[in-house]
Amino acid sequence: MSDLDGLWLFNRLPAVEQSALLQRTHRQKFPAGAFVYHAGHPGDTLYVIAKGRVAVLSPTAADAPLTLRILGRGEAFGELALLTDSHRRTATIQAIEPVETLVLNRNDFDDMRQRHPAVNDLLLASLSGLVERLSAQIAEMYECDGTTRIHRQLVRLGELFEATEPDGTIPITQHQLASIAGVKLRLTNRVLGEAVAAGMLSTGKRRIVVHDWAQVRRRAGLRAAAAPPA
C-alpha cells in the first residue's frame, strides 16, 4: 500500500489500528466530472482522497453552483456522516479529474471505535481540520480585502495543483476562483485583468497560468516561498 504514504488522516494512527482500519475501507473511483454525492442526499460514508482532486459545491438558485473549496490527495470529506444515522449531505462533491478514494462506512467505523479506541483520533483529527479551515476562512474574510483573498487563493490552488513553478497552470475558471475567494466575479475579472497586464499571469478556457509567483505572493501579503535546500 505504498500509494497510501502521506495520507495523514490514516498515517497518524498506530500501525495496528491503521492496518485494521484500512481493511475496513474499500476503494471507489470516479471519472472527471462525476458527482460523488449531492447536497441533501442521505449519507453514511467518509471519503479520503488517494488520487486526484474534487470540488466542494454549494447549490444556488443560479445555473452554476458555488465552488466552496477544492480538495486534493490526503484530504477527507463526508466526516459528518460518521456522527449520526440520519445525516444528509451538506454539500455536493464533484470530481474535477479522475479520482480514487478510500471509503469508510459508518457501521464499520463504529465497530472499529469499539475494538480500537485510537480510531477515534481519526474522526477528531478530521473534524478539527475542518473547523480550523472554516475558522481561517472567516478570519481572512474580515482581515483581508477581496483583491488579497484572490491572490491568496491563487497561491493555495497553485500548491494544490502542484503548479508553483513559473508558467504553472491552475485548471479552474474565473467563476470558480471568485466563489472560492468569496468575492464577486466582476472583481475577480478586474484583478486578473490587471495581473495579465502586469505580466504576472495569463488566462484561458478553464485555466489560469501563473508566470510570476513571487509577484502573486507579494500581492497576497505572503512571504516569498522558501528556496529549496542546496
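This is a predicted model: local features need pLDDT of at least 70, side-chain atom pairs count only at pLDDT 80 or more; totals for chains, interfaces and linings use all residues.
Ile-138 has its place in helix H4.

Residues are numbered from 1 along each chain as its sequence is written. Local features need pLDDT of at least 70 and side-chain atom pairs 80 or more, while totals for chains, interfaces and linings use all residues, and side-chain values use heavy atoms, leaving out hydrogens and water.

## The overall build

The chain has eight helices and 11 strands, which are DSSP runs (helices H or I, at least four residues; strands E, at least two). Its C-alpha atoms fill a box of roughly 60 × 50 × 35 Å along the principal axes.

## The largest pocket

Helix H4 turns up again here. The largest pocket has a volume of about 470 Å³, and 21 residues line it, with Val-56, Thr-90, Ala-91, Leu-130 and Arg-133 nearest its centre. Two or more lining residues come from each of strand E5 (66–71), strand E6 (76–77), helix H4 (120–143) and helix H6 (174–181). H4 gives the most, with four residues. The lining divides into 12 nonpolar, five polar and four charged residues.

On a 1 Å grid, a pocket is an open set of points where a 1.4 Å probe fits, with protein on both sides within 12 Å along at least five of seven lines; lining residues have an atom within 4 Å of a point.

## Salt bridges

How many salt bridges does a search of the whole structure find? There are eight, each a side-chain nitrogen of Lys or Arg within 4 Å of a carboxyl oxygen of Asp or Glu. In one of them, the side chains of Arg-24 and Asp-108 meet at 3.3 Å, N to O. This pair links distant parts of the chain, 84 residues apart: Arg-24 is in helix H2 (residues 15–24) and Asp-108 in helix H3 (residues 106–115).

How values were computed
Grid points are joined across faces, edges and corners, and a volume is the space filled by probe spheres set on the points. Ala, Val, Leu, Ile, Met, Phe, Trp, Tyr, Cys and Pro count as nonpolar, Asp, Glu, Lys and Arg as charged, and the others, Gly among them, as polar.
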